[in-house]
Amino acid sequence: MDAAEKEEISVEDEAVDKNIFKDCSKIAFYRRQKQRLSKKSTYRALLDSVTEGKESTRFQIINEAAKVPLLAEVYGIEGNIFRLKINEETPLKPRYEVPDVLTSKPSTVRLISCSGDTGGLVLANGKGDLKCHITANPFKIDLVSEEEVVMSINSLGQLYFEQLQIPPKQSRATKENEEDTSDDTTQENQEELGLWEEKFRNFVDVKDNGPASIGLDFSLHGFEHVYGIPQHAESHQLKNTSDGDAYRLYNLDVYGYKIHDKMGIYGSVPYLLAHKLGRTLGIFWLNASETLVEINTSGDTEPAVKDALTQTGPVAVKQKVRSQTDVHWMSESGIIDVFLLTGPTPSDVFKQYSYLTGTQAMPPLFSLGYHQCRWNYEDEHDVKAVDAGFDEHDIPYDVMWLDIEHTEGKRYFTWDKKRFPNPKRMQELLRSKKRKLVVISDPHIKIDPDYLVYAKAKEQGFFVRNHEGGDFEGVCWPGLSSYLDFTSPKVREWYSSLFAFSVYQGSTDILHIWNDMNEPSVFRGPELTMQKNAIHHGNWEHRELHNIYGFYQQMATAEGLIQRSKGKERPFVLTRSFFAGSQRYGAVWTGDNTAKWSYLKISIPMLLTLSVTGISFCGADVGGFIGNPKAELLVRWYQAGAYQPFFRGHATKNTKRREPWLFGEEHTRLIQEAIRERYTLLPYWYSLFYSAHVASQPVMRPLWVEFPDEVETFGVEDEYMLGSALLVHPVTEPKATVVDVFLPGSSEVWYDSKTFAHWEGACTVKIPVALDTIPVFQRGGSVVPIKTTIGRSTGCMTDSPYGLWVALSTKGSAVGEFYLDDGHSFQYLHQKQFLHRKFSFASGVLINSCADKRGHYPSKCVVEQILVLGLKKQPSSVTSHSPGLNHPADPGYSGPGVVSS
Amino acid sequence: MLLVLLLLPMCWAVEVKRPRGVSLTNHHFYDESKPFTCLDGSASVPFDQVNDDYCDCKDGSDEPGTAACPNGSFHCTNTGYKPLYISSRWVNDGVCDCCDGTDEYNSGIVCENTCKEKGRKERETLQQMAEVTREGFRLKKILIEDWKRAREEKQKKLTELQAGKKSLEDQVELLRTLKEEAEKPEKEAKDQHRKLWEEQLAASKAQREQELATSAFQELDDDMDGAVSVAELQTHPELDTDGDGALSEGEAQTLLGGDTQTDAASFSDRIWAAIRDKYRSEVLPTDLPSPPAPALTEPREEQPPVPSQPAEEEDEEEEETEEEEGGEEGEEEDSQVPGEQPKETPPPVVPPQTASPTEEDKMPPYDEQTQAFINAAQEARNKFEEAERSLKDVEESIRNLEQEISFDFGPNGEFAYLYSQCYELTTNEYVYRLCPFKLVSQKPKLGGSPTSLGTWGSWAGPDHDKFSAMKYEQGTGCWQGPNRSTTVRLLCGKETVVTSTTEPSRCEYLMELMTPAACPEPPPEPPASGNHDEL
C-alpha cells in the first residue's frame, strides 16, 4: 500500500501541474508552420496535370520551395460530401492514412468537370447544385452551393506540407562540400525547428522520419458560429484563438484539468461544425496525429481590413463583405484527408458525418439507468452494503462499478482474492435484482512473467515497442507495465478473446467493461503519455496514430463482449479516450472533473460538443471526481446528471463517501427524486438513442440544432434540448432562487413539466427554483413516452406500464415516437424484434400508429396514463378505440394534466 | 403500525380472505359488498377497481396487490417469519422480496417460500442475542459495582494524597532553605580556592615567559656582547614583518624600537612580546609551544554516588512536555515494569576533561575545609531534590486520579474498566490497537511504525444513545486529505473484543468493540408464548 500510495502521490502531484503539458510555443511543428507561412510561398495547381479517375479527380500542386509537386485528389461522396486528399506523389516511404475510422469505403459519386475561367477548373455533383471551383494560381478551392460560395480552402495560403526527407547524416554525406546557404542550419535554428529531434522538459523526441507536418486553412463565409473538435473543457461555441493558444487535439491524461482551457484532454474528434442561418457545414479532418486548430472569426465591423488581408480570390471579391470564420488545421504527420460535409441542415450534417464514421451504438437499456461508482468499493461486503442501501432508501439504480482495486495488484482480468474471494456470488446478488456490474480494464499490462495476460502478450509480441525495438515499458497503476498494441488486428482479436467467460475467471454475463487510462496514460512519459517514437504494428510511429489508440481499445473490448455472448448481446463499454467513430463502441465520459460548481456548469457545453460530433452516449461524473461536494452541489449535480445521457456517480479515492443517502433525509429524498425522474423518462431516452442509432440525431442537442433559424440560440450553452421535445436548464449556481430560462421559437409554446404552466416561445422567463426544482420544459407539439411506475432497476421495470405526455402545439396537435425492444440483444437488428410506434394528436384524437412495419415485438405493457397539456377546454368524455389502451381512461384523474386555457 | 402488527398473533391470518397485499389489520377497509373508499378518504371507487392494476387513489390504497400505484404498499404475511410491508412497486418485478414469495405472483419467476427457514434462523439469532444480552447485562452490573468501589477507593486515595501533598510542600520549602544556606559557604570556599590557584598560575606563567626571553636573548646575542644588534636580529628572517620573506635592516630596527641594539632587560620587557609568536628557536626545530591555555580544569569534586545529577538542568527544561506524555507512557509501562525505574540508563559520567592538561595546569584538590562545605551542600541539594521529586510524583498521581474520577465513563461508569486497557485486532495487513479513551493506531503486520488513527475525542452516539459510539480524532494526516479519525461502535457482547475495523471512507475508520458495558437491560423473561408464535 505504501509504495502504491507514493506512486499515486507523485502522479497526482504532477498531473495538476500544467507545466508538464505543452502549450503551442513548445510544439515544434507549430513553430515551423508559423515561421514558414510568414514567408508566403504559395502553391499553384498544375491544370495540365488534371486526370479524371473513376472515383476522383487528380491534379498536381506545387510551390517554389517544394520542388517536387504534391498530388491532390477531389472525391464526390454520396450524401453531398466532398473529400480532398493531398499527399506526396511518391513519398520516401508511405505516409500514414488513418484506417478503421470510416465505417466502409464511402461510395463515390462522379463529379462532372466543366472548365471554368481559364485559370481554373469546376467540379460539380450530379445535380449541379454543389460545385468545387478550383483556382490554379494561387491554388484555392471554393465550395459553391447554388451560386453561393460557402467555403474556401487555402484562400489564406496556409497550405503546408513537409515532404519526407533523407535524414541529415546521410544527406550530409552526399553533399559534403556543398555550401548550404539555407538559413535553417545553425545549431539554434535546428533546435528551434525540431526537425529531427525535439526537446521538452527532460524528454527528447528523436524523429527518424524527420519533419512531416501538414496544414490547411478553410474560410467559412458568413459563419460566425463554429462548434465541435472535442475534447476541451471549453464553451460549446468555439472561441477565437487569435489571442492565445490554438485548440489542441492530443489525447492526454490531465487529472483535474483546468476549465476554459484549450489544452488537449482525454479524447479527440477532429471534426468541426459551422452554422449560420440557412446552412450548416462540417469539416472532418481525418488525421490521428497531434493536431492544432486555430479559429479566427471576424464580424462585419472592419470590412476594409478584412478585405485587404484575407479575401484575395476573384470569387470572394465579388462577395459582399460580411462575417467569416477561418479555421486553420495543423497536424504533426500523416496526409491531408479532409471531408467537407455540406449540410445544408444540422440534421443533414449529422447524417453525413455518421455516414462516414458510423452512428451511436444502441446501448443496452440498463446502461441508461443510474450507475454507482467509486474508487473503490472495497470488497464484496461493501458492494453488498451499497447495493442494499439503494433498496433501503428506495432509490433505483442499475449498475455497480469496481475500479482498479478489485484486481490482484492492478492485473486486469484478475480479482483481489482477499477483497473479492467470490466474484460470481457477488454478481449473482446483483443479478437477483436485475442489476449489472462494470469493472475496469486498462491498456497497460503489469510486467510480471507470472501474470498470464502479460506472459501471453509478451510471447506473441503484442506490446507496443520502444524506439530501440524492445517492448515499450512505462509506469502506470501496477508499476512498470507494457502497453498492448491495439492498433494491430491480431492483438485486438486476442484481447477480445480474453473476455470469454471461460477465460475471464469470475466473469458472468452481467459484467461489462470500463476502459480507462487509454490515452494512453504513462506516468513518467512526456506529457504523461507515450513517447512519440514508440513503434506500433506495421512499423508506424506512435506519433502517427496517438489519438486513435484509445479508440482501438474500446473497439476490441466491445467486440470481446459481443463474442462472449456468441454475437447475441449488446455490449456496454465506457472509454475515457476516444476518436472520431468511438460512438460505434459505447459511451464516453469527461474524465477527472472536480467537485466544484464551475465543473458542473461546464459539463453541459462539454457534452453538447461531444453530442454534435457523433458521441451521443456521454456524461460527466456526478458530484465531481475530485474533492468533496457539499450536499447542495451534489443534489444539483444529480439533477443535471439525470438529464444527461450517461449518468454515473463517481469519486476518487481520497474523498469522503457520498452514496445518495449520506447527506441527511432531505437531500436523500431530493437525489432519489432526481434519479426517479431519470427512470420515469427511460422510454423517451431509449427512443432517443434509437433515433441516434438509426437516424444519426444526437440525444442531447444544443438549441441551435433544434432552432437553426433563430440566431439567439446559436450561443446558448446553459440549457439544451433532450431530443426535440424537452428543454432542460439545469441549475448550476449555488443558492439559486431563480433561473433565466430562454424558451426559443416565436411560434412555440412551452409547458413546465411539473407545474404545467405554459409560455409562448421566443422569450426569457424567470423560473423560481427551490432545491427540488429541475427546470424542464416540454415543447408544444410533442409526445413523450414515460414509465408510470419506477422499479429498483430498469430490468425490474420491463413490464411496468407506460404513460404519454402529450403537449399540444399552438395548433392543438402533437407528435412523438416510441421505440421498444428486449433491451439487451441484437435481435432488434437481426430478427427485427422491435416496436417502433408513432403517436400523433390532432383534433382531439390521439393516434398510435406503426412507424416501422418491419418490426415486431410482443410486450405485456399497457399505456395506462395519458396526460394532455394544452387542451382548450375540459374534455367531456374520453374513449379508447384500441386494444393497446386497455383502460377506459378517466378524465377526472388526469385532471391536473388537462390544461384548459 | 408495524409494532402493533408484531404483537398480534398471526398464525391463522392466512385463512382470512382479503384482497392481495392487504394486511389483516386493514382487512376491514376492503369490503367486497361496498364501493372502496381510499384509505386517505380522497376518493371512492367501485370495489372491482381494487387491484385492477390501475391506480385510482392518491395514496395508492386501491392497489395494494399490484405495482400500479407509485406510493402503494404491499403486505406479505410471511407465515413463519415476520410480516412485512414492501413498496408495491416491487410487486411482480422479478425479484423475490417476501419470504413467502407472494409479491411475485405474475412475473414468471418462482419464489421459494423461505419463511420457515428464516423464522428458525431468526429465532435462533434472537435467542442467542437474548442470551448474550442477559449475560452481558449481568457482567455490566458487576462492572458498575466494581467501578463504584474502585472510584471510592480512588477518591479516598486522592484525599490522602492531597493531604500528603501539603506536608510534602512544606518539607520541600524547608529543604530548599537548608540547601541555599549550605550553598553559601560552599560557594565562598570554592571561589577562594579558585582565586588562589589562578594567582599561582599567573605567576608561574610570567616566570616561564621570562625564561624564554632570556634564552632567546642568549641565542640572538651571537657575539655574546650582552646586547642584540640589528644584524643579529636579521639572522632570523621569520621575523619578517612586510611579508617579503626577509628581515630588512629597517624592519629589524623597528622591531628593536628604533634602536640599533638592545640589552637583555629591555629585550624581555619590550621586544620579546612583539616577536615571540614568530620567533623560531635555533635549538628546537619546532615552533615554540603556544602559550599555555589558561585551562581552568577544576579538580573533580568528590561526588557522592548519585548518578542522575548531571542531567538535572535538562530535566527541568523538559519538565512540561514530559508530563504531557507521562500519562500515556506511564500507563503502558505499568503493565511491563513495576516500580520506579529510570527510563534510560543514564550516560556514563565522563570526567570533564580538556585535552590532556599538564599536571601543573590542574587545580589542586580542595582543602579539607572547602571539601567539607561542598559535601554538606551536596547533601542538602540531594535531600531537596528528592523531596521535590516526591512532590512531583504525588502531584502527578493526583492529576491522574482526578482525571480518572471525573471522566465520563457512561451513565453508571460501566465503561471505566476500559480505561487502562488496550485491545488489538489483526487483519490481513495490519494490527489495529484500541486503547479506549486514549488512542487508536494501526501498525503494518510485517513491521513498521504505527500510524495514529486518532486520539480520544468524545462520545459520539446519537443524542438518545450517546454512549453507543466513541470518536477518536486528529490522527496522522492523510496526503491531500483529512487527519485520520476513527469511530468506535460499541456492541453488546459477553467479552470485550474488537470485532472489526474498516475504512469506509479514506482515512475515516470504523471499529466495532464488543463489550458487556454496551448491553441493554434485557426485557423481563417473556412468557412462553408471545413473540415466538409470530415467527
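User: How many aromatic pairs does a search of the whole structure find?
Analyst: Over all chains the search finds 69 aromatic pairs, where rings of Phe, Tyr and Trp (its six-membered ring) pair if their centres lie within 6.5 Å, and planes under 30 degrees apart count as stacked, over 60 as edge-to-face and the rest as tilted. This is a predicted model, in which local features need pLDDT of at least 70 and side-chain atom pairs count only at pLDDT 80 or more, while totals for chains, interfaces and linings use all residues. Residues are numbered from 1 along each chain as its sequence is written, chains are lettered from A in the order in which they are written, and side-chain values use heavy atoms, with hydrogens and water left out.

User: Why is the pair A:F390 and A:Y397 stacked?
Analyst: The ring centres of A:F390 and A:Y397 are 4.2 Å apart and the planes stand at 20 degrees, so the pair counts as stacked. A:F390 is buried at a relative accessible area of 0%, and A:Y397 is buried at 0% as well; buried means under 20% relative accessible area, exposed over 50% and partly exposed in between, with a 1.4 Å probe and protein chains only.

User: And what about A:W401 and A:W514, how are their rings arranged?
Analyst: A:W401 and A:W514 form an edge-to-face pair, 5.3 Å centre to centre with 65 degrees between the planes. The pair links distant parts of the chain, since A:W401 lies in strand β23 (residues 399-402) of chain A and A:W514 in strand β28 (residues 511-515) of chain A, 113 residues apart. Helices (H or I, at least four residues) and strands (E, at least two) are DSSP runs numbered from the N terminus. A:W401 counts as buried at 0% relative accessibility, and so does A:W514, at 0%.

User: Which sheet do those strands belong to, and in what order do its strands run?
Analyst: Eight strands of chain A form an open sheet with parallel pairing, in the order β33-β32-β31-β28-β24-β23-β22-β34; two strands pair if DSSP finds at least two bridges between them. At the edges stand β33 (618-619) and β34 of chain A, each with a single partner strand, so one side of each has no neighbour in the sheet. Two bridges join the parallel strands β22(A) and β23(A), and A:H371 has A:V399 as its bridge partner in β23(A).

User: Switching topic: is helix α15 of chain A largely enclosed or open, and why?
Analyst: Of the 11 residues of helix α15 (residues 631-641) of chain A, 10 are buried, so the helix is largely enclosed by the rest of the structure. The buried residues include A:R636, A:W637 and A:Y638. Among the elements that cover them are α14 (597-612), β34 (647-649) and α16 (664-680) of chain A, with contact meaning heavy atoms within 4.5 Å.

User: Where does A:Q360 lie, and what does it touch?
Analyst: A:Q360 lies in the loop between α7 (346-357) and β22 of chain A, and at 2% relative accessibility A:Q360 counts as buried. A polar atom of the A:Q360 side chain lies 3.3 Å from the backbone oxygen of A:Q583, and a polar atom of that side chain lies 3.0 Å from the backbone nitrogen of A:S616. Not counting residues up to four places away in sequence, A:Q360 touches residues including A:G586, A:F617 and A:H693.

How values were computed
Polar contact = N/O pair within 3.5 Å; in protein donor to acceptor, adjacent residues only side chain to side chain.
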